[in-house]
Every structure is written in structure tokens, then in C-alpha cells.
Amino acid sequence: MNTSLLTRGPSGGDVFARIIEALRNDGYIILNNVFAIEQLQRLFIDIKATDDRQFHAAGIGREQERHVNDFVRRDRIRWLDRSHAPVVFYLDWAEQLRQRLNRELFLGLFDYECHYAHYSKGAFYKRHVDAFKGLSNRRLSTILYLNPSWQAGDGGELVMYAGEGQTVLETVSPAFGSMALFLSEEFPHEVLPAKRSRYSLTGWFRINNTDSLNLDPPK
Ligand code: OGA
Ligand code: MN
């Protein structure tokens, strides 16, 4: 169950304060209504319009062997930046959040990287962590889901685990406008096979640590 599912969005309270409070207490939060429906629609139209050729197979760490990669994850991604107009409002939001997180949680976040992800029918991402302690710049993971009328039987849930064991912390439906934020080093998670196309905007706040070996998927 999404015990931390919240219903108040931009028009109802300070979302950043809620995120900061949850990260301080629990290390993660699942939200909805962070963005207005018009903003979500703009992203959805854009991701749907993104030509298949602009998506490419996502990598894992330094793994270059395609068959191993395919076994772990089957999503396809497109990296984003400010030169892509439809996402500028979202990057502005992320920048505001970055500054608040640094001011109030002293996370020392340096930047934010993000990509669209498309899981086609049958695609999944097996259990993993987004960052290994001391080996990655990634500190905070964010996933904004862009799937109108996602049904219970459509699969594609994000399953978050409490730690190394099998204890499930949250099972998150990738429903339109839902958003997951979690400390990248703390929570193993997986994406269950999607039974239809599943879209998201996924990103990471990073520290500027030149010592890290940087196992993040290469761009
Ligand atoms: C990832 C990831 C989860 C999701 O891209 O690293 O775990 O729900 N995504 O899309
Ligand atoms: Mn992940």
C-alpha cells in the first residue's frame, strides 16, 4: 500500500516541505498531484511524440554486454536537457527542489540529470539500487509517471524494498502524475513487467564527487 500517498498538490501546500520532511524521516516519499494536469499532459504528449529512434536501450553501470543488459532491464530512454522546451518547466521545478534540499537537508546536490523512459509491453527492470555507496554521484532518485488510466492489471509497478531482504516497502502503480522520490543508495527496487506501454520521466540529483568510480549508466 502507498501509505505515504498524498493528495495535496501545488495548489494545496508546500510540496517541497513535504518532500523534505519525508526524506528526513523515511528516506522516501510517494506523491501525487505534484504537477497540474496541464503540465502532465504537456509531458505526456511530448513523450508520446518522441520518435522511437530517439529512444535507445538503457545501459547498466559499465556493463557493455548487450545480452546481460537485456536480462536486467528492457526499458528505452532519451536523455533530456534545457534545449528541449517541453521539459523546461520540469527542470525549473527540479532546480527549485535542489536548492531547498541543499538549504534544509545539506545534501550538497550539484546537479540533476533526467531522461524519459519507455517500457514497451513485457519490459521490466530487475531489482537494483541506483547508486552503490561511495561509487556513484547519485543521491536522490525521482520518477514521475506519465500513464493515463493505468489499471491494476496493467503491471509495471515499482516495488521498493526496505533493505537487503525481501520486505516490500511500497508497491507503486505508475499512474498519471504519481511521483516517487527516494535516496538512491538506500532502497533496492524493481519494475515489474509492464503489460502495456509504460512512460516515465526519471532523474537523479547528484553530488559533484570526482572520487566516485561512477557506475551510473553512461549517456
Ligand atoms: C530506474 C528505475 C523505476 C521506475 O530507471 O533506475 O528504477 O519505476 N525506474 O520506472
Ligand atoms: Mn532504479
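This is a predicted model: local features need pLDDT of at least 70, side-chain atom pairs count only at pLDDT 80 or more; totals for chains, interfaces and linings use all residues.
1. Polar contacts and cover of ligand 1. For Tyr145 the distance is 2.6 Å, for Arg198 it is 2.8 Å, and for His189 it is 2.9 Å. On its own, ligand 1 has 290 Å² of accessible area, and the protein covers 98% of that.

2. Manganese site. Which atoms coordinate the manganese ion (ligand 2)? The donors are NE2 of His128, OD of Asp130 and NE2 of His189, at 2.1 Å. Along the chain these donors follow the spacing H-x1-D-x58-H. Asp130 belongs to the loop between S5 and strand S6 (138-145), while His189 is in strand S10; the pair is 59 residues apart and links distant parts of the chain. Asp130 and His189 are both buried.

3. Four-stranded sheet. The strand order is S5-S10-S7-S8, in an open sheet with antiparallel pairing. Strand S5 (125-128) and strand S8 (168-172) each have a single partner strand, so one side of each is left without a neighbour in the sheet. Direction ignored, neighbouring strands here are turned by 10° against each other on average.

4. The S5-S10 pair. Strand S10 covers residues 189-191, and its antiparallel pairing with S5 rests on two bridges. Tyr125 stands opposite Val191 in this pairing.

5. Seven-stranded sheet. A second topic is the open sheet with the order S1-S9-S6-S11-S4-S3-S2, in which the pairing is antiparallel. Which strands stand at its edges? They are S1 and S2, each with a single partner strand, so one side of each has no neighbour in the sheet.

6. The S6-S11 pair. S6 and S11 are antiparallel and joined over seven bridges. Ser141 has Trp204 of S11 as its bridge partner.

7. Strand S3 and its partners. S3 spans residues 76-80, and four of its five residues are buried, so that the strand is mostly covered. To strand S2 (residues 56-57) it is joined antiparallel by two bridges, with Ala57 opposite Arg76. S3 also pairs with strand S4 (residues 111-119), in the antiparallel sense and over five bridges. In that pairing, Leu80 has Cys114 of S4 as its bridge partner.

8. Positive phi values. Most residues other than glycine have a negative phi. Asn33, which is not a glycine, has a positive phi of about 60°; Asn33 is placed in the loop between strand S1 (28-31) and helix H2 (37-49). Ser149 has a positive phi near 45° and is likewise a residue other than glycine; its loop runs between S6 and strand S7 (158-161).

9. Accessibility of these two residues. Ser149 is exposed, because its relative accessible area of 55% is over 50%.

10. Val87. Val87 is located in the loop between S3 and helix H4 (88-105). Why does Val87 count as buried? Its relative accessibility is 1%, and buried means under 20%. Val87 and Asp46 are 41 residues apart in sequence, and their C-alpha atoms are 8.8 Å apart in space.

Terms used
Residues are numbered from 1 along each chain as its sequence is written. Chains are lettered from A and ligands numbered from 1 in the order in which they are written. Side-chain values use heavy atoms; hydrogens and water are left out. Two strands pair if DSSP finds at least two bridges between them. Axes are lines fitted to C-alpha atoms, for helices over the stretch in contact, and angles run from 0 to 180 degrees between N-to-C directions. Donors are N, O and S atoms within 2.8 Å of the metal (3.2 Å for Na, K and Ca); water is not among the atoms, so sites may look incomplete. Buried means under 20% relative accessible area, exposed over 50%, partly exposed in between (1.4 Å probe, protein chains only). A polar contact is a pair of N or O atoms within 3.5 Å; within protein, one must be able to donate a hydrogen and the other to accept it, and residues adjacent in sequence count only if both atoms are side-chain atoms. Accessible areas come from the Shrake-Rupley method with a 1.4 Å probe; for residues, only the protein chains shown count as cover.
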